[in-house]
Amino acid sequence: MTAGLRYVYAICRPFGAALQAQLTGVAGVPPKLLSHHGLVAVLSEVPEDDFAEGPLRAHLEDLDWLGSTARAHQGVIDALTTVTTPLPLRLGTVFRDDSGLRTMIEAREAEFRRTLDRLEGRVEWGVKVYLDTEPAAPAPAEKAASGRDYLRQRQVRTRSRDEMWEAAETFARALHRSLAGRAEDHRMHAPQNSVLSGAAGQNVMNAAYLVPRGGSEEFVELVDRAKDDTPGLRVELTGPWAPYSFTEDTEDTEDTENTENTEEERA
Amino acid sequence: MTVVERREIALVDLLDRLLAGGVVITGDLTLRIADVDLVRVDLNALISSVNGKVPPPWQETPREETP
């Protein structure tokens, strides 16, 4: 094995509890801690053969490798959330050595502290809304007797699809409004491609909400209630996650709402 | 899906967070995902589907890429 690089999962405040002894991170290497300037970096020493720029670049194009690395990364973050509120770093953040890592911590210390304060005790919940495209369009198309019948049937189908889509958007918007009311912050992720997700139906909303741990039960209940009466629609909840979607320093972050205006500004 | 409830996190949900979220460290010591020129078609679609600022789905947005 060649010299070790530092794969960094997260920056945390010092925490008292120990990580699970059998916890392994990326490349099957147990994570360890590096304390610097009152902050703690959680990292694994990983082989240069796999994690230097070239090999990493190549590996990232391998969905299996990416998948298992992502799961290992998440496993460490998950373990950290049981003892602290970690500030997760983006997948694939690698440093040459401890000294490079220390330099980075010094450079971004103030920002890390600010963000850690903002996220302390918060978790992220993912809420997705799907339009069930398959079962809601049963129409065992009776054979059209004439061209006019055919056109009429077609029109009905198109209209019902449009209506379903509209209903889904209305539902998603209302759900989002009510969830955002219980959350400190929210982010919209791109709707997931069903080919990649393997999920049934069409993903119409893919949102993340930042919720205080103490408010989670209430938040989850709100989502559960929304699941009940939604014919043709499906609501999916994931989490609690570490606050991955909310790590951006908010000092100069535009409000999501404002993008509406920017979009319309000029096409 | 018959018996066991699948508790395993879906990879797309994970990548939404790990590739589009998390603190981005820039600097010459690190490799940034954004720099990676992904070749595989499915992965490419996956990455572009989780990256970038995305407006709420209910807005009709003619997304224009003006580099």
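Is His37(A) buried or exposed? Keep that question in mind; the reply comes in point 2.

1. **Before you start.** This is a predicted model, in which local features need pLDDT of at least 70, side-chain atom pairs count only at pLDDT 80 or more, and totals for chains, interfaces and linings use all residues. Residues are numbered from 1 along each chain as its sequence is written, while chains are lettered from A and ligands numbered from 1 in the order in which they are written.

2. His37(A) is exposed, with 11 other C-beta atoms within 10 Å. A residue is called buried if 20 or more other C-beta atoms lie within 10 Å of its own, exposed if 12 or fewer, and partly exposed in between, with C-beta atoms placed from the backbone. His37(A) sits in the loop between β2 and β3 (39–47) of chain A, and its phi is near 50°, a positive value in a residue other than glycine. Ala27(A), in the loop between β1 (4–12) and β2 (32–36) of chain A, also has a positive phi, near 60°. Ala27(A) counts as partly exposed because it has 19 C-beta neighbours inside 10 Å.

3. **Chain A as a whole.** Chain A has eight helices and nine strands (helices are DSSP runs of H or I with at least four residues, strands are runs of E with at least two, numbered from the N terminus). Of its 267 residues, 33% count as buried.

4. **A buried loop residue.** Ala242(A) lies in the loop between β9 (233–241) and α8 (259–265) of chain A. Ala242(A) is buried, since 27 other C-beta atoms lie within 10 Å. Leaving aside neighbours within four places in sequence, its contacts include Ile77(A), Pro86(A) and Glu124(A) (a contact means C-beta atoms, placed from the backbone, within 7 Å). The C-alpha atoms of Ala242(A) and Leu87(A) are separated by 7.8 Å, although these residues are 155 apart along the chain. In strand β9 you will also find Pro240(A), joined to Gly239(A) by a cis peptide bond with omega about 0°.

5. **Helices packing inside chain A.** Helix α5 (residues 147–182) and helix α7 (residues 216–228) of chain A pack at about 170°, with their axes 10 Å apart. Axes are lines fitted to C-alpha atoms, for helices over the stretch in contact, and angles run from 0 to 180 degrees between N-to-C directions. So α5(A) is roughly antiparallel to α7(A) (under 35 degrees is roughly parallel, over 145 roughly antiparallel, 65 to 115 roughly perpendicular, and the rest oblique). Among the residues that meet are Leu175(A) and Leu179(A) from α5(A), and Phe219(A) and Leu222(A) from α7(A).

6. **Where the chains meet.** The axes of helix α3 (residues 63–81) of chain A and helix α1 (residues 11–18) of chain B come within 10 Å and cross at roughly 70°. Therefore α3(A) is roughly perpendicular to α1(B). On the chain B side, Leu11(B), Leu14(B), Leu15(B) and Leu18(B) take part; the α3(A) partners include Ala70(A) and His73(A).

7. **A word of care on chain B.** The predictor gives the complex an ipTM of 0.80 and a pTM of 0.78. The mean pLDDT of chain B is 57, and 27% of its residues reach 70 or more (pLDDT is the predictor's confidence in each residue, from 0 to 100). Over residues 1–6 of chain B the pLDDT is below 50, and this stretch has one contact beyond near neighbours in sequence. Residues 52–67 of chain B are also below 50, with 21 such contacts in the model.

Definitions and conventions. Two residues are in contact if their C-beta atoms, placed from the backbone, lie within 7 Å.
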